[in-house]
Amino acid sequence: MSRIAFIGLGHMGGPMAANLLKAGHQVTVFDLVPAAMQSLAAQGAELATSAQQAAENVEVVITMLPAGKHVRGLYLGAEQPGLLEVVAKDTLLIDCSTIDANSAQLVAAQAAAKGLEFVDAPVSGGTAGAAAGTLTFICGGTDAGFVRAEPVLAAMGANIFHAGAAGAGQIAKICNNMLLSVLMIGTSEALQMGLDHGLDPKVLSDIMKVSSGGNWTLEKYNPCPGVMENVPSSKGYEGGFMVDLMVKDLGLSQEAALLSNSSTPMGALARSLYVNHARQGNGARDFSSIFEQFAKTKK
Ligand code: NAD
């Protein structure tokens with residue numbers, strides 16, 4: 001069992017840290033929002049007063065933060081010393097946030113210059129996967145870093161992939177989220193068209209799930225309210241994966257497409273539709289709320 005610092009206890013990080021505790025690891029936690037730490041304390045975590053304090057004298061640091069600027073700021077330092085300055089020799093650094101590959105490569109290079117392994121390990125599986133410990137981890141980094149990260153990540157996930165060198169995990173992750181956004185929008189417009197023709201969305205979902213239109217959003221995350229229990233669409237689109245984070249990921253995918261001169265027309269359209277949805281005040285709602293853009297009656 002390892003001594004682990006877990007920094008960033010939001011929708012994803014909170015349940016992920018809880019699974020490390022359940023697996024018997026000794027976990028010290030920190031979040032800028034003190035309230036986010038309280039439920040972890042009740043589950044046996046030690047509370048730190050800063051990220052730097054959490055990261056001292058541990059074997060592994062795990063971060064789960066919103067975006068690249070937060071990850072660069074925390075590891076490389078801005079107003080406070082960066083984590084690269086305060087961690088013990090040989091500490092393994094794992095960042096599970098979804099960020100741009102350039103930031104992941106920059107932090108990995110600066111970590112390597114100090115003899116530290118940094119693994120980018122963004123996740124797929126949503127808040128339900130985080131709670132159930134069934135996330136997919138998509139790693140980028142050296143073989144040695146990946147081998148060390150794998151047993152730690154196993155306490156929080158069911159599938160662990162090594163996509164390639166530093167930053168490769170982030171590229172694979174944004175390819176996945178670009179596809180997810182397209183599937184969510186396509187599923188939403190198809191379900192609404194069925195509704196407009198008087199179909200029962202549950203029956204239509206059951207049909208499409210086992211037909212050639214079947215996809216993850218129909219199986220696990222139906223965007224039409226009332227079709228599935230325990231998904232954001234049946235809870236007023238609360239919780240889950242925020243529209244603002246999907247907008248961030250789609251921006252990252254378009255930046256990546258520019259760098260590689262890739263043609264991604266569906267990804268570009270999906271970004272535009274999600275930006276529009278966010279601008280209408282939906283940024284903090286779950287990304288399946290894009291369904292309302294197609295509904296006859298809006299909120
Ligand atoms: P969130 O906004 O709920 O949580 C982020 C947490 O980080 C917040 O509690 C915030 O206070 C904390 N934080 C920010 N800067 C910090 C700092 N310097 N020190 C300590 N804490 C800090 O976001 P989330 O939904 O948990 O997502 C986290 C990451 O995971 C994002 O990159 C997101 O794209 C990715 N992701 C999210 C989901 C999902 O379904 N929510 C799924 C896959 C991947």
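Predicted model: local features only at pLDDT ≥ 70, side-chain atom pairs only at ≥ 80, totals over all residues.
The mean pLDDT of the protein is 96, with 99% of its residues at 70 or more, and for the complex the predictor gives an ipTM of 0.99 together with a pTM of 0.92.

Let me begin with the ligand. Its surroundings are made up of 26 residues, of which Gly 8, Gly 10, His 11, Met 12 and Phe 241 are the closest. Sorted by class, this shell holds 15 nonpolar residues and 10 polar ones, with 1 charged residue besides. As for the helices involved, H4, covering 68-76, and H7, covering 126-132, each contribute at least two residues to the shell.

H4 packs with H6, which spans residues 101-113, at an angle of about 10°, and their axes are 10 Å apart. Angles under 35 degrees count as roughly parallel, and H4 and H6 are therefore described as roughly parallel to each other. On the H4 side the contact is made by Gly 68, Val 71, Arg 72, Tyr 75 and Leu 76, while H6 brings Ser 103, Leu 106, Val 107 and Gln 110. The residues of this contact between H4 and H6 comprise 5 nonpolar, 3 polar and 1 charged.

I turn now to helix H9, residues 168-196, and its packing with H13, residues 265-282. Where do these helices meet, and how are they oriented? In H9, the residues Met 178, Ser 181, Val 182 and Ile 185 meet Met 266, Gly 267, Ala 270, Leu 273 and Tyr 274 of H13, and by class the contact divides into 7 nonpolar and 2 polar residues, with no charged ones. The axes of H9 and H13 come within 9 Å and cross at roughly 65°, so the two helices are roughly perpendicular to each other. The crossing in which H9 passes H13 is left-handed.

H9 passes H10 in a right-handed crossing. Ala 190, Leu 191, Gly 194 and Leu 195 form the H9 side of the contact, and from H10 come Pro 201, Leu 204, Ser 205 and Met 208. In this contact of H9 with H10 there are 6 nonpolar and 2 polar residues, and again no charged ones.

To close on H9, then, its crossing with H13 is left-handed, whereas its crossing with H10 is right-handed.

Conventions: Residues numbered from 1 in each chain as written. Left-handed = near helix turned anticlockwise from the far one by under 90°. Helix = DSSP H or I, 4+ residues; strand = E, 2+ residues; numbered from the N terminus. Contact = placed C-beta atoms within 7 Å. Nonpolar A, V, L, I, M, F, W, Y, C, P; charged D, E, K, R; others polar. pLDDT = per-residue confidence, 0-100. Near = placed C-beta within 6 Å. Axes fitted to C-alpha atoms, helices over the stretch in contact; angles between N-to-C directions. Parallel < 35°, antiparallel > 145°, perpendicular 65-115°, else oblique.
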